[in-house]
Amino acid sequence: MSTGFGAAIFDMDGVITRTAQLHAQAWKELFDAFLQERGGAFEPFDARAEYRALVDGKPRIEGVRSFLRSRGIEPGEKEQAALAERKDAIFKRLLGDEGVKTFASTLHLVQELRERGVRTGVVTSSRHGREIVQAAGIEALFDARLDGVDLDALGLKGKPDPDMFLRCAEQLGVPAGRTLVFEDAISGVEAGRRGGFGLVVGVDRGDNAAALRHAGADVVVQDLAALTADGLEAALRQRQDTLAWHIEQEGFDRARERQMESLFAIGNGYMGLRGALDTPPPGAHCDLFIAGVYDRKRADLPYSELEFLTPGRGDDPHAELVPLPSPLRLTLTLEGEPLDFGGPHGRELRRTLDMRQGVLHVEALYETAGGRRTRVRTRRCAALTDPHLLLHEALIETENHWAAVEVRPTLRDTHAAERHPHIEHLEHLVDGELELVRYATRASGVEVCIAARALRTAEGLRRFVSVFTSRDAPDPRAAALAHVGALDWGHFDALFAGHAQAWDGFWEKADIRVPGRPSVAQALRFGAYHLRLPAGDDPRASIPARTFTGRAYEGHIFWDVEVFMLPFFLHTEPERARNLLLYRHRTLEGARRRARALGYRGACFAWESTVTGDDVTPSRIVLRSTGKEIPIFTGRQQIHVTADVAYGVWRYWEATGDEAFLAGPGAEILFETARFWASRVERGERHLHIRGVVGPDEYHHDVDDNAYTNWMARFNLERAAWVADHLHRAGAEAEEWKRVAHELHCPGPGADGVIEQFAGFFALDAYSLADEERFKAPLSRLFDWDRINRMQLIKQADVLMLPFLFPEAFSEAVVAANYRYYEPRTDHGSSLSPAVHAAIAARLELRQDAERYLKQSLWLDLQNGMDNSMLGVHPAAMGGTWQALVFGFLGVRFSADGPQPHARAGARLPAGWEAVEMSLAWRGGRHPLRVERT
């Protein structure tokens with residue numbers, strides 16, 4: 001019978017052999033003698049508490065150092081080595097006197113696992129590991145053995161580092177995620193947890209269960225007789241199910257810190273807060289973003305990449321999303337020493353995003369002079385039940401000392417002028433445990449007030465933080481104070497619980513379950529989580545290109561929303577899809593202004609917009625390193641966004657049947673955009689044409705009859721005419737829209753089935769695309785923009801967007817011909833591209849391509865695939881991934897009966913997937929969907 005795990009690694013002392021007691025006795029004999037020799041007040045070594053906390057499981061020298069530092073003694077290297085040798089000699093003597101005894105229950109479990117094909121290993125920090133195993137006569141029970149001699153010979157770090165366990169797993173030929181670890185030492189449990197092992201079992205040989213669980217043990221038993229292979233299998237599945245709801249980071253890596261801040265963000269639609277540490281190190285981007293709060297562009301801040309500057313942007317007071325100082329900053333000090341990871345005291349760090357409950361947990365361990373260890377645990381959330389509320393808690397634990405830790409919360413950032421140049425500081429008030437800070441944006445004049453109350457407890461600190469702007473209330477100061485003042489400390493935990501319950505409601509509608517594939521479920525949930533963060537109840541705001549997780553693209557709204565993200569909301573939370581379209585309706589006047597400025601009628605939506613609908617796309621980029629200027633054509637030429645918005649309106653009506661929306665905002669958007677297209681076309685010899693545009697592939701500008709743009713414009717015109725007839729409005733205009741749609745040249749398949757991307761594309765120079773040039777931010781392409789414009793090289797899916805959005809419009813043969821032609825010519829310089837290719841390849845049952853592209857899109861941010869996640873996550877890629885799975889792999893289409901998967905959906909499932917489960921909203925109902933492998 002096979003199991004979900006392939007290997008099991010057992011610690012020796014205290015798990016397999018009864019030698020842990022001998023080690024504790026040896027340490028006591030050593031340290032008691034040493035302390036008595038030093039003179040002074042004698043406090044003997046505690047062979048129970050101090051052994052477990054300070055030396056158990058560690059290499060000898062590390063054990064010496066750890067204990068003596070806890071007593072305020074800093075031994076030299078020679079003294080450490082001498083004490084380690086003395087301990088070894090004492091242990092050898094005791095072992096000779098006592099002999100080697102084993103735990104029969106452990107050996108029975110080892111044998112049971114081996115009978116099921118599980119490979120087994122033994123590890124120990126003891127230098128006598130091999131001779132003890134040999135003396136016990138149990139060598140044949142283990143496929144791999146590592147001891148303290150190997151530790152030195154291989155240069156491996158001792159516990160709590162996971163090196164020994166990872167090397168043992170490597171020797172067993174099984175990945176850590178499918179390997180079990182059995183440990184009785186706290187340091188060993190920590191090593192197992194840090195190493196990412198599938199299940200860590202703590203063996204409590206004497207009232208140590210709480211400490212083992214605290215260190216990260218998934219299961220704690222007093223003896224392995226309590227476990228069976230079946231029980232371990234069930235525990236592993238439960239652990240995997242739990243992990244699939246969490247994103248974890250172990251350790252502090254300064255080079256990756258900004259990426260972590262993006263991934264671990266929290267938000268509730270009204271605001272978003274990057275996942276910076278509570279005590280942020282230098283260089284952290286610990287930003288707070290509030291929906292709809294924009295200001296004039298700062299020329300010294302980057303655009304989409306750190307290398308790109310966009311000076312000369314004019315005086316638009318709403319050009320750039322405003323990053324505000326984080327209101328959850330803490331200053332921690334121990335006798336004047338700062339506890340943070342910017343200095344020398346940070347030892348361990350674990351950041352955990354609980355996606356199921358929408359809570360970020362951070363656990364940090366600091367070690368100051370004398371080996372004094374202080375552990376700090378915090379949790380935070382942006383309340384889903386109250387858009388203006390942040391909850392924050394910090395718990396302090398002094399592990400081996402009694403010194404007081406000073407905890408100071410602050411709303412102020414002393415570097416605000418440098419880090420947050422859009423805001424002017426108006427007021428800072430501290431009144432006991434109440435603190436208030438007030439800002440105003442310099443150009444747009446939005447006032448922001450943040451008020452906080454703190455409650456100090458024996459364990460640490462709790463905070464309520466309230467955020468209001470002048471967009472929310474005439475007097476945001478009064479609103480914030482009243483809001484934070486009305487909150488009851490007795491309800492603090494209940495507010496966290498209510499927030500978690502609200503997330504449960506979201507997951508009931510949005511979760512996708514992939515049984516037996518926890519990493520896939522985790523990545524899908526990560527995408528759904530980050531799509532939900534910026535989606536609020538305010539129809540005046542939409543979802544920025546990087547949501548509220550970073551500064552890239554200046555917080556602008558693109559076609560991403562309607563084409564890539566909207567379908568997710570249509571079939572999970574349709575009311576949020578409605579709000580996203582109402583944003584377009586509220587910015588319709590800006591779209592009208594843009595159309596007039598371009599010389600046309602109706603409304604032309606901005607390629608990049610904020611709160612007014614006016615276009616804020618830069619016309620040029622200046623490279624920070626060289627000063628070279630690169631022209632940007634998208635602002636004037638990427639007009640397909642206008643039809644993309646209309647497409648979103650129509651798909652919303654299809655999915656909901658919301659006649660009130662269609663008759664009101666929907667019709668107005670469709671009619672105004674149709675008027676634009678009717679005036680934008682040009683008469684040719686036989687057809688109407690759309691000239692001088694940029695399609696989804698942004699490497700080519702000033703092109704005529706881009707297939708995607710023309711198809712979308714025709715769709716826009718046809719649907720506007722249909723709605724006009726449906727509502728008995730705009731009769732004469734509706735007839736014109738029908739005529740224009742009929743006469744518009746929409747490139748179709750040639751004799752070989754391939755649709756020309758735009759007029760003349762087939763005549764461009766060939767480009768030999770090497771694999772290493774793919775899936776990178778298009779920096780080099782932009783540097784060489786003029787030459788690339790003359791090549792058959794594509795940034796992202798363009799023609800392939802048509803079968804992606806209109807799957808019924810093309811035969812399998814035509815889709816296959818276009819995929820074969822355009823896929824080799826695409827470098828995927830946009831994060832939007834892999835998901836589209838995954839969907840098309842899945843439809844064509846090109847399994848390797850489909851799965852490769854799905855993986856690239858699914859793990860794009862978790863693996864930093866574009867090397868720019870530090871500037872914010874990629875929500876459009878997440879929405880595209882959702883569509884690739886639902887509409888591509890599963891081939892879901894909708895009928896009067898609801899969603900129906902493709903007849904071959906079970907055969908299309910990626911390798912290793914046995915089933916997929918979800919529910920989809922359609923026409924006011926919610927429909928469960930399960931597809932099993934066939």
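View 1. Cys604 is buried, with a relative accessible area of 0% (buried means under 20% relative accessible area, exposed over 50%, and partly exposed in between, using a 1.4 Å probe and protein chains only). Overall, the structure holds zero disulfides, where a disulfide is a pair of cysteine sulfur atoms within 2.5 Å.

A quick note on what you're looking at: this is a predicted model, where local features need pLDDT of at least 70 and side-chain atom pairs count only at pLDDT 80 or more, while totals for chains, interfaces and linings use all residues. Residues are numbered from 1 along each chain as its sequence is written, and side-chain values use heavy atoms, with hydrogens and water left out.

**View 2. Helix 29, wrapped up by other helices.** (Helices are DSSP runs of H or I with at least four residues, strands are runs of E with at least two, and both are numbered from the N terminus.) Among the buried residues are Ser833, His837 and Arg843. What covers the buried residues of helix 29? The cover includes helix 17 (560-570), helix 28 (812-822) and helix 31 (875-889). Just after helix 29, look for Glu845, which takes a positive phi of about 60°.

View 3. Phe783 is found in helix 25, residues 779-783. Is Phe783 buried, exposed or partly exposed? With a relative accessible area of 32%, Phe783 counts as partly exposed. Leaving out residues up to four places away in sequence, Phe783 touches Leu623, Lys628 and Ile630 (contact means heavy atoms within 4.5 Å). Phe783 and Leu623 are 160 residues apart in sequence, yet their C-alpha atoms are 9.0 Å apart in space.

View 4. Gly231 has its place in helix 11, residues 229-243, and is partly exposed at 35% relative accessible area. Gly231 and Lys87 are 144 residues apart along the chain, and their C-alpha atoms are separated by 39 Å.

View 5. Most residues other than glycine have a negative phi, and most peptide bonds are trans. Asp207 is not a glycine, but has a positive phi of about 55°. Asp207 is found in the loop between strand 5 (199-203) and helix 10 (209-215), and is exposed, with a relative accessible area of 65%. Glu335 has a positive phi as well, about 50°. Glu335 is in the loop between strand 15 (329-334) and strand 16 (337-338), and at 57% relative accessibility counts as exposed.

**View 6. A cis peptide bond at Pro160.** Which kind of peptide bond runs from Lys159 to Pro160? The bond is cis, with omega near 15°. You'll find Pro160 in the loop between helix 7 (148-153) and helix 8 (163-172).
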